Amino acid sequence: MNKIKYTVKPKNPSAHILSVEMRVEPNHSEPVRLTLPAWIPGSYMIRDFARNIVTLKAFDDDLVLNSEKTDKQTWRIHHHNKAFTVSYEIYAWELSVRAAHLDQSHCFFNGTSVFLAVQGREHDPVEVNIQLPDGPVYSRWKVATGLKRDLMTDVFKPGLYRADNYQQLIDCPVEMGEFDHQQFDSHGITHYLVFTGKHFGDVERVTRDIKVLCDHHLDLFEVKPDIEEYWFMTYITDDGYGGLEHPNSTALICSRFDLPNPNYPQKMSDGYKTFLGLCSHEYFHTWNVKRIKPAEFIPYALDQESYTRQLWAYEGFTSYYDDLSLARTGLIDAEGYLDLLSKTFSRVYRGKGRLKQSVAESSFDAWTKFYKQDESAPNNIVSYYTKGSMIALCVDLMIREQTNHQKSLDDVMRLLWNTHGLTGVGTNEEDFLSAVELICPGQVKDFLKEAIYSTEDLPLETLLQKVGVEMTFRRPVNVNDLSGVKENVDYAPSLGILTKSEATGVTITHVLDDSAAQLAGMAAKDQLLALDGLKVSSGNLQTLLEHIPRNKTVTATLFRED
């Protein structure tokens, strides 16, 4: 079978231009159709990556071929029934884990942004020649990717890489630059950690801690995935956060101050805790969504939305295990874990969207609502990440209670791994219910079904109490709370707004339903300048609220549209 061959090179880092050539040997005389994905698996929003293709031409030998664009992401190449080359350039200037970013310091790209597919030949093997930019300053650049290396290509070196098919090609992001790197082995898998960007972090500590997490996840599922290497590729900025999972790698963005400070080798900062949780989350996805996956994703339909009602399980259950694993491995203590739980609960309970949208609906509407949130989001939608993790906690506690702690959600995940992950059979909603029923026959399945499809609040307080954890709310004060205030209740004064800082005050980004702010007429995009005649900033707003006497009416000073 003829391979499809690509050559990719950062052509002009200053202009953020990637150059790609692909060599195609047609297997019929009909025109060849080339297409680029409209979205990337794991990020459920149409991205239209083809908009960044600047130029495209096709030729065989020295003869230019007729190429015509047939829709926003597809080209038709009229050839002479012999091998031809397609040459195109990509504008790469999106600093995210989803697309492509190139400058004089590094190059990162996902294959969904770079590699055109030959329609009808997505199962053909491919070869990629990864080249460095021209110039002596770039000769020190290294290459990190989960793509298979050719026998003549050493680790971290440019050269030939291979993939079994187009899906594998686009699911192995590439990082190029002068990065720091570490490595360790776990269960026979070599793990590489790559850090791109200026930082002061103790990467040896990061390596030790991530190894502990990887050991834990591999032990949990008992059977390792079909990989020989795994890559953590982290781009470090002043203030960033994000991750995207792949079968044998993950692309991450973090703040340089999230990495552990070598001056305080024992300190577990909030930022480092967040970073470890992110690494845990993306590594757990190696099983849960990259191999155990919805039937709707087999195969991925990358030219259009691919709807599923199951993201509550794939993102929500993964979100449950990411922080739980930090506690199980001793990276954080019980108090630290309960603090993380309380923050998750607060994100869900502070908005009334949980009473209007189920997690199944949230999953289905990810394309149009969760990934396109506006100022009304807390009032109208619920996150399948956060509420999904709360559902996982409830299911785990119920299974443990009803089996006298002989079984847990771990057994459900292992069952799904054996019946779906190892077999490649996609799941539907009923498969999760059936797995729970097999592990713990009785009421848990009925609870899970109700939790997935209803908007009722979860019985967290009761379930946590059974394991010795008391759950209480710090209730916000608004106009409905002014009568019957109890001194023994821990109140947190609140206007019911979310804000972002401005030079002259704060801008309101969200106004929560039935809050004091909403009832007083405030709206998203209003600029709040003063409260009770005192200048407001992001740093003093909550302090001001806590010092204003209860039951006192105050005046807010705002600008709306100037």
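In helix H10 (residues 429–439), the residues Glu429, Phe432, Leu433, Ala435, Val436 and Ile439 are buried, meaning under 20% relative accessible area, with over 50% called exposed and anything in between partly exposed (1.4 Å probe, protein chains only). They span an arc of only 160 degrees around the axis, so they sit on the same side of H10; the arc is taken from the directions running from the helix axis to the C-beta atoms. An α-helix has 3.6 residues a turn, so residues three or four places apart point the same way.

This is a predicted model, where local features need pLDDT of at least 70 and side-chain atom pairs count only at pLDDT 80 or more, while totals for chains, interfaces and linings use all residues. Residues are numbered from 1 along each chain as its sequence is written, and side-chain values use heavy atoms, leaving out hydrogens and water.

Helices (H or I, at least four residues) and strands (E, at least two) are DSSP runs numbered from the N terminus. The cover over H10's buried residues includes these helices, by contact (heavy atoms within 4.5 Å):

| Helix | Residues |
|---|---|
| H4 | 311–328 |
| H8 | 386–402 |
| H9 | 409–421 |
| H11 | 444–453 |

Over in helix H4 you'll find Thr318. Is Thr318 buried or exposed? Thr318 counts as buried because its relative accessibility is 0%. A polar atom of its side chain lies 2.6 Å from the backbone oxygen of Tyr314. Leaving aside residues up to four places away in sequence, Thr318 touches His281, Phe284, His285, Asn288 and Ala313.

Now the sheet. Five strands form an open sheet with mixed pairing, in the order E16-E17-E18-E20-E19; two strands pair if DSSP finds at least two bridges between them. Strands E16 (180–186) and E19 (241–246) are at the edges with a single partner strand each, so one side of each has no neighbour in the sheet. E16 pairs with E17 (residues 189–196) in the antiparallel sense over 7 bridges.

Notes:
Polar contact = N/O pair within 3.5 Å; in protein donor to acceptor, adjacent residues only side chain to side chain.
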